[in-house]
Amino acid sequence: MPRILVVEDSYSMRAFVRSALESDPTAIGEVEVVEAASGFDALRLLPRGPYDLVITDINMPDINGLELVQFIRKSEMHKTTPVLLISTQSSERDRERGLSLGADAYLTKPFTPELLRQETARQLARGREQV
Amino acid sequence: MVDLVRTREGRLARRVAERGPVREFLAFVLAGELYGVELTRIREILSPPPITIVPRASSDVIGVCSVRGLLVTVLDLRRRLDLEEAPASRRSRILLTEVESGEVLGLYVDEVRQVMRLTENEIEPANAVLGGDVSEHVLGIGRPAGVVLILLDLKSIVAG
Amino acid sequence: MVEPTDKAREEFFSEAQEIIETLSRNLLALDGSLKEGALDPSLVNEAFRAVHTLKGLAGLFGALKMGQLAHRLEDVLDDLRLGRMELSADTLDVLFRAVEVFGQILAVERRQVEDPLTSVDELIDQLSALGAGAAHRPSPAVDYELDPAMLAVLTEYEEHRLRTNIEQGLRLYRLRVQFDLATIDKALEEMKERAKRHGEIITYLPTGEATSPDAIELDLLMASRDDLATLIGSLGADNVVIEEIPRRTRASIAAGAPSLFPRGTSIVPPAPEEAASLAAEAEAERAAPAEAAGSLRSVTQTVRVDIRKLDLLMNIVGELAIVRGQLGRVTDRVRSEGQRQLAAELQRLNRSFERRLSEMQDGILEVRMVPLGQVFDRLARVVRQISRELTKEIRLVITGAETEIDKLIVEELSDPLMHMIRNAIDHGIEPSEQRKRVGKPLAGTIALNAFQKGNHVMIEIEDDGKGIDEQGLLQKAIQIGKVEAGVARELTRDEILALIFVPGLSTKGEAGDISGRGVGMDIVKTNIGKLGGVIDVHSEQGIGTKMTITLPITLAIVSALIVHVGEHTFALPLASVSEAITFDGTGVRVVDGREVMTLRGSTLPLCRLDRLLGLRDAMRSPRQRRFVVVASLGNRRLGVVVDHLVGQQDIVIKPLGKSLSSVRGFAGATELGDQRVGLVLDAGALIEEVLAGVELRREGVRAHG
């Protein structure tokens, strides 16, 4: 069962993402969702991987999503793990930075659960191809 | 390659009241007549537990009781509808319904019969006065399978 | 399939509420800093962040109106923080209004009702009108020798923070810190606290170069006015390397060389075990801040709880208390049947059970407690609004906001408190010229104070206004017939002041004025009464007025006296019972139309519960021994006549539903065991009801006593 790490400081957002990923097994199959409430939480949870996908918000206090992407790409365990960024519409620059740092795709808020599932399925598939 | 993802604005999910062609009513007996209320409004049917009288409450209120820890005010439907009094029997029941404020009220009835399904055609709007104060609380008359069912508007009844 | 939006919806409402409250506090702080002329930019930033988050969530959960409003608000805040717009009191007004409207929208969304919320559109227009044109500024960060890798991972927001700090002339530092992953939360929180005193941490970048898998190395980019030596002195440690990031020299700019971090003194980071023990020692040495101001997000030591779940738990505790009582009775029976040893054992067990139950009860009660600050914050907003409306300058001083009280009580407090503060500002505080004339400071002061006293919480609202016009009040009372002219002369000052709680009295003279002292205060008193509390008033003309509210700490579980009246069972919370005595009907006199008896030399008004509540009299002989339970609240007493004292019991008071809201005299109902329900008497309400009118008439020992 693929493990997805969701990094997001807003708890209702986390609840939304979790619910979207778990509520329709036909779309993306059964997944295990692990939540991190901050960049620090993610740093602590990453060594307990490997994860098959990391979904992270860009705009978080302290360690932001971009820094997390950079860190992930430097790590042995998650060098090639797909990373999906969540950004706001207006921060084009952040998104581009994220992609250049090694993230694979992004979703801009607000997005529907279906969109999230679609993108997740896509990224999980890519991850499997690489192996 | 970079996948560009379009966004859509979320919409507020609204629960649309069931307006299918068939409506379900719970039929019960009050002072010898058969009445019905929308089944979806009834949370639970129970045998009356001990009811504590509340002094100074209006005469429609029989009292309060505890349902698994929840305090429920029990209304005397016969009084509310201005019908004849009748003693409690083995078959008396309390129908629990939730009102707009979130409070759970209990409706005391003489006997619960069954669930009846009525299509819109089987329901006549009420324009006949059936004695007492009934008319303002009556949605209409249903005639499922030859039985006369007086359909009550729960919302109006609990509003007092 | 349940939509994720539905499932996560509750969380959304909860979080949105929190954000709105944070925003409110934030705006209040901004207001304060504006008044003092020193605008704190980090406050604007925080407000921006909050609104930004709210916008995102609103969009996700389909709260359209909220999203629209948040978007406009975000634009305004963005202009403010980027310096494109000045923050004025008017702008702040609009921002405050927005916070209120957010609250309204949230309430509407929660109830899923249709509400056009036209106020939102108006507000959105107002906000759009505030907007200013955009002006893009180049990033001055290139003038510093910042590692481009670090620059690359700054979000737009963080870049802005960096830019702002640089523009204000602060220096940049890089702190390279080694942390043990296991203890990173605490260590980091401490570091943050200490660093805050020196400046702002802009971002934390994991370097990915920790020496061991259990450690992590972070680069902190920090802006500060202090010099390197000071920072090293305060923040330096064996696992911390601090370096200043110098401005690029002409030479290096000219050479166009990308600069790297100047590697100065680098200390080989100690191995994690050493780091851990060093950190531990250092912690022990340092006077660690007793409470970190809020824990790190990732270590959530708090759990959000739905208060309904707490009610459920309280129910169970209540039922266990009943079981305990029953066990006690069984134990008694066992003993009376001669099984002393068995009875003793049962008793021991029961006592142990009781102890644990009591602990659990305390534990749950503690969870229900929330600080009064929640309500006080809201009040502060209202004060601000009213003082602007009435152009009276008001200084609000709040103390004791951390005093805790049951969450359910807090919810019901904001209206009464709001009312009283409104009154104080409206009618208490004089207009500025008048204050000047009598030598008072121009700004009126309203002091809101809360503290715990035994089993009660006291809330005081004091103003330094003109006080209550006692004579005017008395005249009005006589005029509308609430007091007889003859009796008026004999009223004490306290009794006169208490007149403000009589419905229909208003010193302003307008009967329908909601803000009038009289019309609103009786409702306030009733509402406080419903919470089991009382309200007292003191006033000195020309000096000010002070209202004191006494509230029970919790409504949840209380000790009560169970009594019988005829076939009815009632419970009377022990907190309002001072004693119970036998009563045989002798010694009862009628004074001023009311039955009284003498208790140890003073007069005790009586109330026959069966008559008061209209209970059908059971057949009883007039000589049957009955009891008088002396209910007392504040300095008022009432002797309640009952038939039988059953005993003491811990009960969980459940409020009566809205359908019974017109029934007076009951605080709620409780389970008595075997599914039976007993009504809980509201001592305050009973006292009120029976004694109404006695307050307006002098009671005394008459000749025919």
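This is a predicted model: local features need pLDDT of at least 70, side-chain atom pairs count only at pLDDT 80 or more; totals for chains, interfaces and linings use all residues.
Local features need pLDDT of at least 70 and side-chain atom pairs count only at pLDDT 80 or more, while totals for chains, interfaces and linings use all residues. Residues are numbered from 1 along each chain as its sequence is written, chains are lettered from A and ligands numbered from 1 in the order in which they are written, and side-chain values use heavy atoms, with hydrogens and water left out.

Chain C has 705 residues, of which 48% count as buried; buried means under 20% relative accessible area, exposed over 50%, and partly exposed in between, with a 1.4 Å probe and protein chains only. Its secondary structure consists of 23 helices and 22 strands, where helices (H or I, at least four residues) and strands (E, at least two) are DSSP runs numbered from the N terminus. Of the contacts in chain C between residues at least 6 apart in sequence, 69% join residues at least 24 apart; contact means heavy atoms within 4.5 Å. Chain C exposes about 34,300 Å², with 52% of it supplied by carbon and sulfur atoms. Accessible areas come from the Shrake-Rupley method with a 1.4 Å probe, and for residues only the protein chains shown count as cover.

Chain A has 131 residues, and 70% of them are buried. It contains 6 helices and 5 strands, in the sequence order β-α-α-β-α-β-α-β-α-β-α. For contacts in chain A between residues at least 6 apart in sequence, the share joining residues at least 24 apart is 65%.

The size of an interface is often given as the accessible area lost when the parts come together. Between chain C and chain A about 3,700 Å² is buried, 58% of it on carbon and sulfur atoms; this is the accessible area (1.4 Å probe) that the two parts lose on being put together, summed over both. The contact involves 46 residues from chain C and 43 residues from chain A.

The interface of the two chains holds 3 salt bridges, each a side-chain nitrogen of Lys or Arg within 4 Å of a carboxyl oxygen of Asp or Glu. A:R97 and C:E159 form a salt bridge through their side chains, at 3.3 Å from N to O. On the chain C side, the elements that each supply at least two residues include α1 (4–7), α2 (9–35), α8 (156–167) and β3 (215–224). The largest share, 6 residues, comes from α3(C).

Helix α3 of chain C also holds C:F48. C:F48 is buried, because its relative accessibility is 9%. Leaving out residues up to four places away in sequence, C:F48 touches C:E74, C:L77, C:D78, C:R81 and C:Y157. C:F48 and C:L80 lie 32 residues apart in sequence and 9.1 Å apart in space, C-alpha to C-alpha.

C:K440 sits in the loop between α17 (432–437) and β8 (444–453) of chain C. With a relative accessible area of 15%, C:K440 is buried. A polar atom of its side chain lies 2.9 Å from the backbone oxygen of C:D464. Beyond four places in sequence, the residues touched by C:K440 include C:D464, C:E430, C:G542 and C:I543.

Terms used
A polar contact is a pair of N or O atoms within 3.5 Å; within protein, one must be able to donate a hydrogen and the other to accept it, and residues adjacent in sequence count only if both atoms are side-chain atoms.
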